[in-house]
Amino acid sequence: GKLTREEFKEFFTDTFARRIAALLGAHLLTEKIIVPATAMGFNILAEHLQMLKRLDNMLTSTKLEGTGKDIVKRKLKQVVTNKAVRKLVPAVGPILNVAAAGAVMNRLKVEMHLARALDTSDVDPLRT
């Protein structure tokens with residue numbers, strides 16, 4: 001049969017409009033709040049664990065031995081002692097943390113799970 005304008009409007013708002021709003025809300029929450037907050041957490045964790053200091057200590061220690069490990073150690077030491085790299089790390093670190101946080105959110109499908117939680121329509125094809 002045919003749908004009247006009112007029936008179509010009711011059907012559309014009950015299913016698609018709510019779903020679109022849920023998807024949009026989930027995307028914005030993930031992109032604007034969850035990913036940056038996770039990246040900030042990564043930054044705080046890296047500072048708390050003193051990652052750069054530990055890397056520096058590892059490279060200056062004599063524990064790494066063997067020809068393959070010595071080559072890697074020398075190359076890493078050259079990179080870490082490079083003044084330009086030392087200046088870039090504080091700027092690039094947060095950017096890498098945002099990329100890592102985004103990758104984690106994508107892998108965990110956070111946006112999809114949020115959309116499902118926010119979707120209030122009766123029939124939800126996202127759940128299939």
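Trainee: Let me start with one side chain: is Phe12 buried, partly exposed or exposed?

Mentor: Good place to begin, and keep in mind that this is a predicted model. Buried means under 20% relative accessible area and exposed means over 50%. Phe12 has 33% relative accessibility, so the class is partly exposed.

Trainee: What is the area of the nonpolar surface patch made by Leu3, Phe8, Phe11, Phe12, Phe16 and Ile20?

Mentor: Look at the accessibility of some members before the total. Phe8, in helix H1, has a relative accessible area of 47%, and Phe16 has 39% relative accessibility. A patch takes residues with over 30% relative accessible area, so these values pass that cut-off. The patch comes to about 610 Å².

Trainee: Now the salt bridges: how many are there?

Mentor: Arg18 and Asp14 come to 3.8 Å, and Arg19 and Asp119 to 3.3 Å. Lys32 and Glu31 meet at 3.6 Å. The count is three.

Trainee: Why are Arg18 and Asp14 separated by about one helical turn?

Mentor: Check the exposure of the two partners as well: Arg18 is partly exposed at 36%, and Asp14 is partly exposed at 28%. As for the separation, it is about one helical turn because the two are four residues apart in helix H1.

Trainee: How many residues apart in sequence are the parts that Arg19 and Asp119 tie together?

Mentor: Arg19 and Asp119 form a salt bridge, and both are buried. Asp119 is at 5% relative accessibility. Arg19 lies in helix H1 and Asp119 in the segment after H5, so the parts they tie together are apart in sequence by 100 residues.

Trainee: What is the C-alpha to C-alpha distance of Asp119 and Ala22?

Mentor: Asp119 sits in the segment after helix H5 (110-118). In sequence, Asp119 and Ala22 are 97 residues apart. In space, their C-alpha atoms are apart by 5.1 Å.

Trainee: Which elements give two or more residues to the largest nonpolar core?

Mentor: That core has five residues: Val35, Ala39, Ala101, Met105 and Val110. Val35 touches Ala101 and Met105, among others. The elements giving two or more residues are H1 and helix H4 (83-108).

Trainee: Last one: what percentage of the contacts between residues at least 6 apart in sequence join residues at least 24 apart?

Mentor: Take the overall picture along with it. The protein has five helices and zero strands, and 16% of its 128 residues count as buried. Among the contacts you ask about, the share is 72%.

Notes:
Residues numbered from 1 in each chain as written. Predicted model: local features only at pLDDT ≥ 70, side-chain atom pairs only at ≥ 80, totals over all residues. Heavy atoms only, no water. Buried < 20%, exposed > 50% of the residue type's maximum accessible area, 1.4 Å probe, protein only. Core = buried A, V, L, I, M, F, W, Y, C linked by side-chain atoms within 4.5 Å. Contact = heavy atoms within 4.5 Å. Patch = residues over 30% accessible without salt bridge, like charges linked within 9 Å, V, L, I, M, F, W, Y side chains within 5 Å. Areas by Shrake-Rupley, 256 points an atom, 1.4 Å probe, with all protein chains shown as cover. Salt bridge = Lys/Arg side-chain N within 4 Å of Asp/Glu carboxyl O. Lists of a residue's contacts leave out its neighbours within four places in sequence.
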